[in-house]
Amino acid sequence: SADHPLEPWMTRALECCADHGGEAPEGARYTAPGDETRRDAGGAGAWRQAFISAPYLRDTMVLAGVFTETFETAITWDRLDSFVEDVRCRAEAALREIAGAGSVTCRFTHVYPDGPAPYFTMLAPAVRGGELEQWGAVKAAASEAVLAAGGTITHHHAVGRDHRPWYDRQRPDPFARALRAAKAELDPLGILNPGVLIDPSRG
């Protein structure tokens, strides 16, 4: 944060982790912005490199016959356990139906006072010659699973065209009307992101 030091918070977080039986790498500590000596070191560096490489590895894995896709959502703490179990079961069932096999894992990318942001990763045999159709079917099944279990189709990656059909179902109508009105005033020609959140004006 720009207005207060974070090192005491990191120290306290590590203490809480240890109090509840968790483990952290030896020497784990807060890394200040601009501390290039530690940016790529240890577990944080390994995670950072994996995160940056993931989009490129996905294409390589598909060429090697492994389908992989991720999706994320958010849910309140009181519904977390049943939500993750439900989404994972539905997504794995879809992978078995579409690809014959598959697995789904879950981790957190962000954690908030009222709930976490579960991040799911799916792996399955790629359907040779039908990879794009496979992706579409799996994406639809995963999105349906999230909505059916009560999660949100949006999170910090926002909406985009891939999520538009499910966003339309979750977005309240008054908000859609307000967004269309603002768009009509500020972007009457529909130049900015046409068709992403709302359909282009027919006028």
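Reply: With a relative accessibility of 6%, Glu69 counts as buried (buried is under 20% relative accessible area, exposed over 50% and partly exposed in between, using a 1.4 Å probe and protein chains only). This is a predicted model, in which local features need pLDDT of at least 70 and side-chain atom pairs count only at pLDDT 80 or more, while totals for chains, interfaces and linings use all residues. Residues are numbered from 1 along each chain as its sequence is written, and side-chain values use heavy atoms, with hydrogens and water left out.

Glu69 belongs to strand S1 (strands are DSSP runs of E with at least two residues, helices are runs of H or I with at least four, and both are numbered from the N terminus). Once neighbours within four places in sequence are set aside, Glu69 is in contact with Arg58, Phe120, Thr121, Met122, Trp135 and Lys139 (contact means heavy atoms within 4.5 Å). The side chain of Glu69 makes a polar contact of 3.1 Å with that of Arg58, and another, of 2.9 Å, with the side chain of Trp135 (a polar contact is a pair of N or O atoms within 3.5 Å; within protein, one must be able to donate a hydrogen and the other to accept it, and residues adjacent in sequence count only if both atoms are side-chain atoms). Between the C-alpha atoms of Glu69 and Ala124, which are 55 residues apart along the chain, the separation is 9.2 Å.

One of the contacts of Glu69 is Lys139, a residue of helix H5 (residues 131–148). Lys139 is buried as well, its relative accessible area being 7%. Leaving out neighbours within four places in sequence, Lys139 is in contact with Glu69, Thr70, Phe71, Asp162 and His163.

Phe71 leads on to the rings. Not counting residues up to four places away in sequence, Phe71 touches Val87, Pro118, Tyr119, Phe120, Met122, Lys139, Ala142 and Val146. The aromatic pairs come to two (rings of Phe, Tyr and Trp, the last by its six-membered ring, pair if their centres lie within 6.5 Å, and planes under 30 degrees apart count as stacked, over 60 as edge-to-face and the rest as tilted). Phe71 and Phe120 form a stacked pair, 4.9 Å from centre to centre and with 10° between the planes. Since Phe71 lies in S1 (residues 66–72) and Phe120 in strand S3 (residues 115–125), this pair ties together parts that are 49 residues apart in sequence. Phe71 and Phe120 are both buried.

In the largest nonpolar core, which has 25 residues, those touching the most other members are Phe71, Phe83, Val87, Phe120 and Met122 (such a core is a set of buried Ala, Val, Leu, Ile, Met, Phe, Trp, Tyr and Cys residues joined through side-chain atoms within 4.5 Å). At least two residues of this core come from each of S1, H4, S3, H5 and helix H6 (160–170), and H4 gives the most, with seven residues. Phe120 and Met122, then, are among the contacts of Glu69 and also among these core residues.
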